Amino acid sequence: MLLAAVILNFLTAVLLALLGGKYLRGPAPVDYHEEILKAAYAEISEAHKGVFRALNVVVGAGFYAQAVVIALVTYFGVWNDVFWAKCVVLVAVLLSGLPAMLAAQQLEKHTRIATPWRPGLVLIGMAVLAFLLSLF
């Protein structure tokens, strides 16, 4: 089961890195941001675009950093069946993933415009499953 946990952790790290790349290279504001602003009859100025771009860079860099941490802790700790390393991966994903997912989910509930909270749910689920598998 440890091998399955390691694979899931590495997959989580890869998906986080891909998500980080999307935010670092992608458009700002993202499509759903534009929809929310337009639904509120807000004008999207260059200043708005600059703010969204800056926030996207921070989010993307955070995803990359977390991907690297998860990969390294998995390689040097989880793979060696070190309990604290398993906990670090789980806690890192939960501490960043839950607030991000819940914020996007609440925004979707409030605006009725689809937000990207579902990938967060998948990544959190993968990390929880990896942790549970690593215990057996």
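The buried residues of helix 3 pack against helix 1, helix 2 and helix 4. This description rests on a predicted model. The buried positions in helix 3 are Phe52, Asn56, Gly60, Phe63, Gln66, Ala67, Ile70, Val73 and Thr74. As background to such a list, an α-helix has 3.6 residues a turn, so residues three or four places apart point the same way.

The length of helix 3 can be checked against its residue count. With 31 residues at 1.5 Å a residue, helix 3 should span 45 Å, and its end C-alpha atoms are 45 Å apart, so the two values agree. At the start of helix 3, the backbone nitrogen of Ala47 has a side-chain oxygen of Ser45 within 3.3 Å.

The next feature is the largest pocket, which has a volume of about 710 Å³. It is lined by 31 residues, and those closest to its centre are Tyr23, Val59, Phe63, Ala100 and Pro116. Two or more lining residues come from each of helix 1 (2-25), helix 2 (31-39), helix 3 (46-76), helix 4 (83-111) and helix 5 (118-134). By class, the lining comprises 20 nonpolar, 9 polar and 2 charged residues.

Lys86 counts as buried because its relative accessibility is 8%, under the 20% cut-off. Its side chain makes a polar contact with the side chain of Asp81, at 2.4 Å. Leaving aside residues up to four places away in sequence, Lys86 touches Leu2, Val78, Asp81, Phe131 and Ser134.

Notes: Residues are numbered from 1 along each chain as its sequence is written. This is a predicted model: local features need pLDDT of at least 70, side-chain atom pairs count only at pLDDT 80 or more; totals for chains, interfaces and linings use all residues. Side-chain values use heavy atoms; hydrogens and water are left out. On a 1 Å grid over the protein atoms alone, a cavity is a set of points where a 1.4 Å probe fits but cannot get out, and a pocket is an open set with protein on both sides within 12 Å along at least five of seven lines; lining residues have an atom within 4 Å of a point. Grid points are joined across faces, edges and corners, and a volume is the space filled by probe spheres set on the points. Helices (H or I, at least four residues) and strands (E, at least two) are DSSP runs, numbered from the N terminus. Ala, Val, Leu, Ile, Met, Phe, Trp, Tyr, Cys and Pro count as nonpolar, Asp, Glu, Lys and Arg as charged, and the others, Gly among them, as polar. Buried means under 20% relative accessible area, exposed over 50%, partly exposed in between (1.4 Å probe, protein chains only). A polar contact is a pair of N or O atoms within 3.5 Å; within protein, one must be able to donate a hydrogen and the other to accept it, and residues adjacent in sequence count only if both atoms are side-chain atoms. Contact means heavy atoms within 4.5 Å. The expected span of a helix is 1.5 Å times one less than its number of residues.
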